[in-house]
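Colleague: Please take me through the reading of a model of this kind, one feature at a time.

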Amino acid sequence: MSDPVGLVVLGAGDRGRGTYGRWCLEHPDRARVVAVADPDDERRAALAAEHGIPASATAVDWRDLLARPRLADAVVVATPDREHAAATIAALGLGYDVLLEKPIAPTLDEVRAVAEAAARSAGTVTVAHVLRYTPFFSAVKQAIEAGWIGELVTMAHTEHIGYWHFAH
């Protein structure tokens, strides 16, 4: 078996620490967090402590981590939405593979800039939408596969929220 994937986590909030960081702790043979950036001292320190990350591999600003020589195999971008494009473009510029939390960016121009950076980079971008793994979507998938609701012809899923984060 290969070595676990090393990750730089940019943003130690609910997604960075609670989702991806926790997954790494539960699957240490698959991935490990080796560096973290977050402007909140408590969140950054908590993630670092959970993963045994030395202070030298932490930063207040994600730009500081990405200014260093390559630290890991991949970068998780779980910053506030307004920073998604800049952080992703910077990581791609260094050849990192990127796990980008949704949304890609708040504006169409930024989304295009991320796509252009990805096309130029040796790294890849995967946009994460963690709801696909939630129990209620798993139950829907199981019901469809079991034929409990008949033949699936089409499906529409609408999340009724505004354009700003946590509008719901």
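Colleague: Let us begin with a single residue. Where does D29 lie?

Modeller: D29 lies in the loop that links α1 and β2. The element names follow DSSP: helices are runs of H or I with at least four residues, strands are runs of E with at least two, and both are numbered from the N terminus. This is a predicted model, in which local features need pLDDT of at least 70, side-chain atom pairs count only at pLDDT 80 or more, and totals for chains, interfaces and linings use all residues. Residues are numbered from 1 along each chain as its sequence is written, and side-chain values use heavy atoms, with hydrogens and water left out.

Colleague: Is D29 buried, exposed or partly exposed?

Modeller: The classes rest on relative accessible area (buried under 20%, exposed over 50%, partly exposed in between, with a 1.4 Å probe and protein chains only). D29 has a value of 40% and is therefore partly exposed. From D29 to L152 the C-alpha distance is 38 Å, and 123 residues separate them in sequence.

Colleague: How many helices and strands does the protein chain have, and in what pattern?

Modeller: The protein chain holds 6 helices and 6 strands. Read along the sequence, they follow β-α-β-α-β-α-β-α-β-α-β-α. The C-alpha atoms fill a box of roughly 55 × 35 × 35 Å along the principal axes. Of the 168 residues, 33% count as buried. The accessible surface (Shrake-Rupley method, 1.4 Å probe; for residues, only the protein chains shown count as cover) is about 10300 Å², and carbon and sulfur atoms account for 56% of that surface.

Colleague: In what order do the strands of the sheet stand?

Modeller: Strands of a sheet pair through backbone hydrogen bonds, either parallel or antiparallel. Here two strands count as paired if DSSP finds at least two bridges between them. In this model 6 strands make an open sheet, ordered β3-β2-β1-β4-β5-β6, with parallel pairing. β3 (58–59) and β6 (125–128) each have a single partner strand, so one side of each has no neighbour in the sheet.

Colleague: How many bridges join β1 and β2?

Modeller: The two strands pair in the parallel sense over 6 bridges. Within that pairing, G6 has R32 in β2 as its bridge partner, and L10 stands opposite A37 in β2. Both strands are mostly covered: in β1, 5 of 6 residues are buried, and in β2 (residues 31–37), 6 of 7 are. On the other pairing to consider, 4 bridges join β4 (residues 74–77) to β5 (residues 97–101) in parallel, with V76 opposite L99 in β5.

Colleague: At what angle do the axes of α1 and α2 cross?

Modeller: Each axis is a line fitted to C-alpha atoms, for helices over the stretch in contact, and the angle between N-to-C directions runs from 0 to 180 degrees. The axes of α1 (residues 14–26) and α2 (residues 41–51) cross at roughly 5° and come within 11 Å. That makes the two helices roughly parallel, given that this class means under 35 degrees, with roughly antiparallel over 145, roughly perpendicular from 65 to 115 and the rest oblique. Contact means heavy atoms within 4.5 Å; by that test G16, R17, G21, C24 and L25 in α1 meet A46, L47, E50 and H51 in α2. The contact has 4 nonpolar, 3 polar and 2 charged residues, where Ala, Val, Leu, Ile, Met, Phe, Trp, Tyr, Cys and Pro count as nonpolar, Asp, Glu, Lys and Arg as charged, and the others, Gly among them, as polar.

Colleague: Which residues of α4 and α5 meet?

Modeller: From α4 they are A85, T88, I89 and L92, and from α5 they are E110, A113, V114, A117 and A118. By class these are 7 nonpolar, 1 polar and 1 charged. The axes lie 9 Å apart at about 10°, and the two helices are therefore roughly parallel. Helix α4 (residues 84–93) also lies across β1 (5–10), β4, β5 and β6, running at about 170° to β5.

Colleague: Which residues is T79 in contact with?

Modeller: T79 sits in the loop between β4 and α4 and is buried, at 8% relative accessible area. Apart from neighbours within four places in sequence, T79 contacts L10, G11, W62 and H84.

Colleague: Which residues does the cis peptide bond join?

Modeller: The bond joins K102 and P103, with omega about -10°. P103 belongs to the loop between β5 and α5 (108–120).
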